[in-house]
Amino acid sequence: MDIAEVAKASGLPASTLRFYEEKGLIQSNGRFGLRRLFSANVIARLALISLGRSAGFSLDEIGEMFTPEGPDINRTLLLAKADELDSKIKELTSMRDGLRHAAACNAPNHFECPKFLRLLRVAGKNRFRQANNKLKRKVRTYLP
């Protein structure tokens, strides 16, 4: 399959395919003129990359799971990501419930509603926690 066929079949632009190839996530088999050629199994690999991205894995994490013999799934990483998703689901569920309450709240001003004020406090704490976690990840990236 040439790159245009892969782009059409996968729904990804050719630029993304070239980027994935640069990152080592997919490999072309050669060229036909200026067009890269890929084996048909690249579509399944792209689907796996898409699934990983949807679950919140970075491209580097996904790349570590690919070996010449095939996918080598890090089960510990999967469990950690599942725990992250559980936490995010809980957070989003709480946020949804708070928004529904705010929409239906009879208080004359939302800042007089204890439930709305509690939602604001939680949102503020989560924002600080997320910024702190991003900083920790950046520091870990630069440490040996």
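**Helix 5**

I looked up helix 5 (residues 75-104), which has 30 residues and spans 43 Å from its first C-alpha to its last, close to the 44 Å expected at 1.5 Å a residue. I took helices as DSSP runs of H or I of at least four residues, numbered from the N terminus; the expected span is 1.5 Å times one less than the number of residues.

I note that this is a predicted model, where local features need pLDDT of at least 70 and side-chain atom pairs pLDDT 80 or more, while totals for chains, interfaces and linings use all residues. Residues are numbered from 1 along each chain as its sequence is written, and side-chain values use heavy atoms, without hydrogens or water.

I found Lys81, Glu91, Gly98 and Ala102 to be the buried residues of helix 5. Buried means under 20% relative accessible area, exposed over 50%, and partly exposed in between, with a 1.4 Å probe and protein chains only. At the start of helix 5, a side-chain oxygen of asparagine 74 comes within 3.1 Å of the backbone nitrogen of threonine 76.

**Cores**

I traced the nonpolar cores, meaning sets of buried Ala, Val, Leu, Ile, Met, Phe, Trp, Tyr and Cys residues joined through side-chain atoms within 4.5 Å. The largest has 16 residues, of which Leu17, Tyr20, Leu25, Ile26, Leu46, Ile49 and Ile62 touch the most other members. Helix 1 (3-10), helix 2 (14-22), helix 3 (42-54) and helix 4 (59-64) each give two or more residues to this core. A second, separate core of five residues includes Ala102, Cys113, Phe116 and Leu119.

**Cysteines**

I counted zero disulfides, taking a disulfide as a pair of cysteine sulfur atoms within 2.5 Å. Cysteine 105 is buried at 19% relative accessible area, and cysteine 113 is buried at 4%.

**Aromatic pairs**

I found two aromatic pairs. Rings of Phe, Tyr and Trp (its six-membered ring) pair if their centres lie within 6.5 Å; planes under 30 degrees apart are stacked, over 60 edge-to-face, and the rest tilted. Phenylalanine 19 and tyrosine 20 make a tilted pair, 6.4 Å centre to centre with 45° between the planes. Phenylalanine 19 is partly exposed at 39% relative accessibility, whereas tyrosine 20 is buried at 11%. Phenylalanine 111 and phenylalanine 116 make an edge-to-face pair, 5.8 Å centre to centre with 85° between the planes. Phenylalanine 111 is exposed at 55%, and phenylalanine 116 is buried at 17%.

Terms used
A polar contact is a pair of N or O atoms within 3.5 Å; within protein, one must be able to donate a hydrogen and the other to accept it, and residues adjacent in sequence count only if both atoms are side-chain atoms.
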